[in-house]
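Hi there,

Here is the structure I promised to pass on to you. Please open it beside this email, and then read on for what was found in it.

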Amino acid sequence: MSDKALEIKGLKTYFNTPSGVAKAVDGVSFSINRGETFALVGESGCGKSVTSLSVIQLVPEPAGFIADGEILLNGEDIISMKEADKRRIRGNKISMIFQEPMTSLNPVFTIGSQIVEPIMLHQGKTKAEAREIAIGMLAKVGLPEPGKLFSVYPHTLSGGMMQRVMIAIALACRPDLLIADEPTTALDVTIEAQILELMKELQRELGTAIMLITHNMALVYRNAEHVAVMYAGKIVETASTKTLFRNPLHPYTIQLLRAIPEMGNRDRPLETIPGSVPPATDFPDGCRFSGRCSREMAGCAAREPRPILKADGHLVSCHLYDPEFISTQASRPLHTEGKAPEPISTPPMERSPLLDVKGLKKHYPIRKGLFKRIVGYNKAVNGIDLEIRRGSTLALVGESGSGKTTAGKAIIQLIRPTTGTVRFSGNILTDLSDTELKPYKSNTQIIFQNPYSSLNPRMMIGEIIEEGIRSLKPEIPVRERKQKVRETIERVGLTEEMLRRYPHEFSGGQRQRIGIARVLAVEPEFIVCDEAVSALDVSVQAQILNLLKSIQRDFGISYLFITHDLGVVEYIADEVAVMYGGKIVERGTVEEIFKTPKHEYTKTLLNAVPRIEKGEKEYDGESAR
Ligand code: SF4
């Protein structure tokens, strides 16, 4: 038997859409060896997930279809198999873990029945045998009391536990290939580290090949042996992980890596990739990255680059590495590569605090029984002290359930705290009635994680932004209000014409800009950013972080940045407060927290974060030419 668990040759997966044929995956080839982790990276809309759906033969029909290519699992072509054989392979030889365990587990069946079913179906085991295997598997993924867990329903488990159950289900039949599509995106870093370690352990034991789909480059760096970078339906670069991170060649890979926020680039804007991935119905004839590429040459848009093999199996599809193309007139640079972004001149920090929080608590009563008697309290926030200076950023970090969001909402009085004081610009907000609070609402705003759900789908963008001003600053006359809307939309890098469009017409990054515009329009002094960039691709995230920094520089706004992404914290924050169990366990400047953490929990948190080692990211793409 060959070493290859999976081999994909010239795969083309297309979709019939009202605007034409969408070539979501357009001639992709790669292979994964047994016991190896192979990562597929790239922005949303590049074809990563459609590739995985093609492998597991779940391309949504009738719109989607495999137009060409071969998918060989252990040398056997899956595409030409009968439907019954495909079903036999799914869940048995190939398993998949999705991003959202909450939506993948069936809420009306117990954990046990969901894990036993595939074992009985695919391995022909009796119920008793399957139960024994299932309990063993639940124990293997580190779940406590697997026997008891067998009969509970999914909703009683935390996100991390549910993802472990999903892994147990996926590995119960000892598959040859495990597809993990953003398996840890919804999880905290410490749980993420545990889950990935667990996958590695099981991989070592069972020899499973793992196809890891993610937009998190640091995760790839730490976990994969090989990487393929996908762009607009094609693989543009593939290499061993070490080689790719040490010497990325394709301009897209280089630009993706440069967009990652970290300590080293906090004094300058992040590099961004202009524009967005072209629609799959309308890919350019030549290089699909043309138009966004900082190294574009005159002939790039007209001629499609061919794969060029460099040393150590490093394959790149870019004319820069094609001697034949370089020797032609067409290789004239179209534009000189932009200089490295200028450092941000940060204004000297004012000493006076804008916000002073003392002893803030938010306790929720726990009620039980027929008469809903209070039997205890959930102490979501349990006595925190914070200070935020004007024009500065305080990051609040910690795992889910540590109380970060509740604290953010209680500070701006979106929910009223149980006790404690919040002094804002000299006024004690916690002493004010709801009516008295109204004038402060425009000064203290919040940006949420999900731009999709926070915009009313029935309102045009202009109306959404204007509504905020109308309700919070009714004294502003109509003409001035409309002018403010126009100025704000341009401030966030969008155009006036977009004011007459609806939220569904925008990408995730654009919607987040709209969310920011809505908040900015009321001219706040303080903004709570609650996981505001967590759902975005690294390229879009870089644009939003740059935007937030430039707004801070221009208007002196202060941020409370709630996030679980410590790279973002290193880049944007001046100070950090680490929350655990409703309390702040450590506070300090970014340097203090990241370089000399004192509290054990902070140390655990920092250790769990996957990082691209310094000295390995010395890339300019030139060296290989
Ligand atoms: Fe950039 Fe040209 Fe290479 Fe495409 S072929 S990535 S446009 S340099």
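Two strands count as paired if DSSP finds at least two bridges between them. Helices (H or I, at least four residues) and strands (E, at least two) are DSSP runs, numbered from the N terminus. Please keep in mind that this is a predicted model, where local features need pLDDT of at least 70, side-chain atom pairs count only at pLDDT 80 or more, and totals for chains, interfaces and linings use all residues. Residues are numbered from 1 along each chain as its sequence is written, and side-chain values use heavy atoms, with hydrogens and water left out.

Let's start with the sheet of four strands. Strand 13 (residues 353-368) and strand 16 (residues 419-424) run antiparallel and are joined by five bridges. One place to look is Leu355, whose bridge partner in strand 16 is Phe424. The whole sheet is open, with the order 14-13-16-17 and antiparallel pairing. Strand 14 (373-389) and strand 17 (427-428) are at its edges with a single partner strand each, so one side of each has no neighbour in the sheet. Helix 13 (residues 404-411) lies across strand 13, strand 14 and strand 16, at about 120° to strand 13. For such angles, axes are lines fitted to C-alpha atoms (for helices over the stretch in contact, meaning heavy atoms within 4.5 Å), and the angles run from 0 to 180 degrees between N-to-C directions.

Next comes a sheet of six strands, also open, in the order 18-19-20-15-21-22 and with mixed pairing. Its edges are strand 18 (444-447) and strand 22 (583-589); each has a single partner strand, so one side of each is left without a neighbour in the sheet. On average, neighbouring strands here are turned by 20° against each other, direction ignored. Strand 15 (residues 393-397) and strand 21 (residues 575-580) run parallel, with four bridges between them, and Leu396 stands opposite Ala577 of strand 21. Helix 18 (residues 538-555) packs on this sheet, where it touches strand 15, strand 18 and strand 20 (558-562), and its direction makes about 150° with that of strand 20. Helix 21 (residues 600-608) lies across strand 15, strand 21 and strand 22, at about 105° to strand 21.

Now go back towards the start of the chain. Strand 1 (residues 4-17) pairs with strand 4 in the antiparallel sense over eight bridges, and Phe15 stands opposite Gly64 there. Strand 4 is also joined to strand 5 (residues 76-77) by two bridges, again antiparallel. These two strands form a hairpin with two residues between them, in which Asn74 takes a positive phi near 50°.

Finally, which residues surround the ligand? They are His250, Pro251, Cys287, Phe289, Ser290, Cys293, Arg295, Glu296, Cys300, Cys318, His319 and Leu320, each with a heavy atom within 4 Å of it. This shell divides into seven nonpolar, three polar and two charged residues; Ala, Val, Leu, Ile, Met, Phe, Trp, Tyr, Cys and Pro count as nonpolar, Asp, Glu, Lys and Arg as charged, and the others, Gly among them, as polar.

Enjoy exploring!
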